[in-house]
Amino acid sequence: MTSISPIRVALVDDQQLVRSGLGMLINSQPDLNVVLQAGNGIEALAGLSATAADVILMDVRMPGMDGLETTRKLMERTKAAPAGSWLAELKIVVLTTFDLDEYALAAIQAGASGFLLKDAPPEELLGAIRTVYAGDAVIAPSTTRRLLDHVAPMLSAPSPANDAHTAAVASLTGREHEVFVLIANGLSNPEIARQLFVSEATVKTHVGHILAKLNARDRVQVVVIAYETGIVTPR
């Protein structure tokens, strides 16, 4: 039986106590390993030039360089990275104290894969790291949903970007559109497969086509586009 390498996690938070607590929790899991700790974005960018990571837990508010600016700079790196490299696959989960935080929304729009509240239960945090690494669901859907519902009017306001997204959504096939709506409503690949009576492999193929046509980095970007184009409206 071959051993599977642990998921490499980077912690970026200006509070050492928070980093220590998260580090102990994450390193207690056999499939997770903290490979880098940084106190702000500048340290994180320097550290990630020398150390490979799979998932970053990133505080939003930090001195020097905040989580939003750091996310933007890392996304520039990922776009320029060779396909299949760790950097091209890097995922960011934003940590925040408020679930209706405009910084969290801006980080998601900049390319973060979702966000978590700092006081989330340990199992939710650990589950989020694994989920975002696997890439087959939107993490903390209830929290993300609350934020997006809150800012929905702003997201759906007319803009050139929204026009482009509307055109991209119109290019989806009928079945891709079905899958798009289910992703936008927070369903995972297995749940979509059950609902549409198809295999998970088929769902993954559709998801890949949807991400490519919408030019979306991951499922959270798909959900944001669904709000921008009015496919999903506040509940």
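**Notebook: cores and a pocket**

I looked up the largest nonpolar core first: among its 61 residues, Ile56, Leu74, Ile92, Phe180, Ile192 and Leu214 touch the most other members. (A nonpolar core here is a set of buried Ala, Val, Leu, Ile, Met, Phe, Trp, Tyr and Cys residues joined through side-chain atoms within 4.5 Å; buried is under 20% relative accessible area with a 1.4 Å probe, protein chains only.) Helix α12, residues 219–228, gives this core the most, seven residues. (Helices are DSSP runs of H or I, at least four residues, numbered from the N terminus.) Domain 1 (7–150) and domain 2 (157–229) both contribute, so the core lies between them; the domain bounds come from an automatic or database assignment.

Note on the source: this is a predicted model, where local features need pLDDT of at least 70 and side-chain atom pairs count only at pLDDT 80 or more, while totals for chains, interfaces and linings use all residues. Residues are numbered from 1 along each chain as its sequence is written, and side-chain values use heavy atoms, without hydrogens and water.

Next I checked Leu74. Setting aside neighbours within four places in sequence, I found Leu74 in contact (heavy atoms within 4.5 Å) with Leu45, Leu48, Ile56, Met58, Leu90 and Ile92. Another core of 18 residues lies apart from the largest one, and Val9, Ile26, Leu126 and Val132 are among its members.

Then I turned to the lining of the largest pocket (lining residues have an atom within 4 Å of a point on a 1 Å grid; a pocket is an open set of points where a 1.4 Å probe fits, with protein on both sides within 12 Å along at least five of seven lines). Helix α12 supplies the largest share of this lining, four residues.

Terms used
Buried < 20%, exposed > 50% of the residue type's maximum accessible area, 1.4 Å probe, protein only. Helix = DSSP H or I, 4+ residues; strand = E, 2+ residues; numbered from the N terminus.
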